[in-house]
Amino acid sequence: MVRTIALLVGAAFVFVLGISLFGTISTAISDPAPETAEHEFHLHPKDAELSSAGMFGKFDRQQLQRGLKVYQEVCAACHSLRYVSFRDLEQIGYSEGQVKALAQAWPIEQPGVNPDTGEAATRKNVASDRFPSPYANEVAARAANNNALPPDLSLIAKARHDGPNYVASLLTGYQNQPAELLRKFPDAKTPQGLYYNPYFPNLNIAMPPPITSDGQVTYEDGTKSTRDQMAKDVAAFLTWTAEPNLETRHGAGFASVIFLIIFVFLTIGTYRNVWRGVKH
Ligand code: HEC
């Protein structure tokens, strides 16, 4: 009796599920979601093959230093890096003296107050300062960028899906709008003041192409500064700013797995020892 009721209840559930599935499929066929240019032309990031990717990934210090140079000479004009201090750069292979010199020579100064007059003033950076913002505030930032706001880049590699690859692809992804896009979606023409970039979610980004030619930044370690290379290097640098202790995390994960494997054998041994001589 109980079994028959259970079967009937089960059958009723399956019946209701079947009806709703049929409903969903028939609306999807009769009234499909409209095709959009974003849906059809958005691209997923290419693999930038950074050394920090993967379970055992480690940073390439040389690459991080090149990335810092790209940030300094190109991106810092528009983007802040407010969660990183100059002295953090010791982690990527600079000495204390080099960090001091770098902070001193940084092109953007720290906002401050003139102690004598009380008026706004700027002063040179010291090692304990965070990287200064190029704009006084959001209003000034928008005013200088066609009303778009250049986001702080400290955490961008974590804030975007597949961040490190995304940053590298975005920087080299600028192109002309494909003719096919305009044919299919005549209304989707890139508006004035924006730039077509299929890696940006809505395809049109307010950032003008920052990396425009090979050799734009001169590297000191002899690496050829092609556009691709500069994009990858700055992506690697921003991966480090977003997660400076990535290597420790990878190391800890690896150690835990080793420990768990040893622990499994210890447990099996203990089990066998405790139950030795007991007839099952
Ligand atoms: C002339 C100013 C300018 C320069 C130089 C510049 N950017 Fe931007 N950037 C912007 C603006 C403006 C936005 C906002 C774009 C938008 O919201 O459409 C932006 C957005 C971004 C974004 C976020 C995209 C997103 O998913 O929201 C990233 C990442 C980025 N820039 C990286 C860089 C890097 C790396 C450099 C240096 C190689 C750089 N930018 C140089 C102005 C600039």
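# A guided tour from end to end

Start by selecting helix α1, residues 2–30. Its 29 residues reach 42 Å from first C-alpha to last, close to the 42 Å expected at 1.5 Å a residue. That expected span is 1.5 Å times one less than the number of residues. Helices (H or I, at least four residues) and strands (E, at least two) are DSSP runs, numbered from the N terminus. The model is predicted: local features need pLDDT of at least 70, side-chain atom pairs count only at pLDDT 80 or more, and totals for chains, interfaces and linings use all residues. Residues are numbered from 1 along each chain as its sequence is written.

Color α1 by burial. A residue is buried if 20 or more other C-beta atoms lie within 10 Å of its own, exposed if 12 or fewer, and partly exposed in between, with C-beta atoms placed from the backbone. Of the 29 residues of α1, the number buried is zero, so α1 lies largely in the open.

**Stop 1: Glu 49**

Move to the loop between α2 (37–41) and α3, and pick Glu 49. Its phi is near 50 degrees, a positive value in a residue other than glycine. Most residues other than glycine have a negative phi. Glu 49 is exposed, with 9 other C-beta atoms within 10 Å.

**Stop 2: the annotated domain**

Select residues 62–242. UniProt, in an unreviewed entry, places "domain: Cytochrome c" here. UniProt positions are given in the numbering used here, feature names are shortened, and annotations may be inferred rather than shown by experiment. This stretch is 36% helix and 7% strand. Its end C-alpha atoms are 18 Å apart.

**Stop 3: the binding-site residues**

Now select Cys 75, Cys 78, His 79 and Met 207, where the unreviewed UniProt entry places the feature "binding site". They are spread over 133 residues of sequence, yet they cluster in space, with a largest C-alpha distance of 10.7 Å.

Zoom in on His 79, in the loop between α3 (61–73) and α4 (96–105). Is His 79 buried or exposed? It counts as buried, with 23 C-beta neighbours inside 10 Å. Not counting residues up to four places away in sequence, His 79 touches Pro 150, Asp 152 and Leu 153. Contact means that two C-beta atoms, placed from the backbone, lie within 7 Å.

Next, Met 207. Find it in the loop between β4 (204–205) and α9 (227–242). Met 207 also counts as buried, with 20 C-beta neighbours inside 10 Å.

**Stop 4: around the ligand**

Show the 22 residues around the ligand. A residue is near a molecule or strand if its C-beta atom, placed from the backbone, lies within 6 Å of it. Cys 75, Cys 78, Ala 206, Met 207 and Pro 210 come nearest. Helix α7 (residues 163–172) gives the most to this shell, with three residues. By class, the shell has 19 nonpolar, two polar and one charged residues. Ala, Val, Leu, Ile, Met, Phe, Trp, Tyr, Cys and Pro count as nonpolar, Asp, Glu, Lys and Arg as charged, and the others, Gly among them, as polar.

**Stop 5: the nonpolar core**

Which residues touch the most other members of the largest nonpolar core? Of its 39 residues, they are Val 167, Val 234, Ala 235, Phe 237 and Leu 238. Helices α3, α6 (156–159), α7 and α9 each supply at least two residues of this core. Helix α9 gives the most, with nine. Such a core is a set of buried Ala, Val, Leu, Ile, Met, Phe, Trp, Tyr and Cys residues joined through C-beta atoms within 7 Å.

Click on Val 234. Leaving aside its neighbours within four places in sequence, Val 234 is in contact with Gly 67, Val 70, Tyr 71 and Cys 75.

**Stop 6**

Leu 203 sits in the loop between β3 (195–196) and β4. It has a positive phi of about 75 degrees although it is not a glycine. Leu 203 counts as buried, with 22 C-beta neighbours inside 10 Å.

Val 217 lies in the loop between β4 and α9. It is partly exposed, with 19 other C-beta atoms within 10 Å. Draw a line from Val 217 to Asp 116: 40 Å, C-alpha to C-alpha.

Asp 88 is in the loop between α3 and α4. It is partly exposed, with 18 other C-beta atoms within 10 Å. Its C-alpha atom and that of Gly 193 are separated by 36 Å.

**Last stop: helix α10**

Finish at α10, residues 246–274. Its 29 residues reach 42 Å from first C-alpha to last, close to the 42 Å expected. The number buried is zero, so α10 lies largely in the open.
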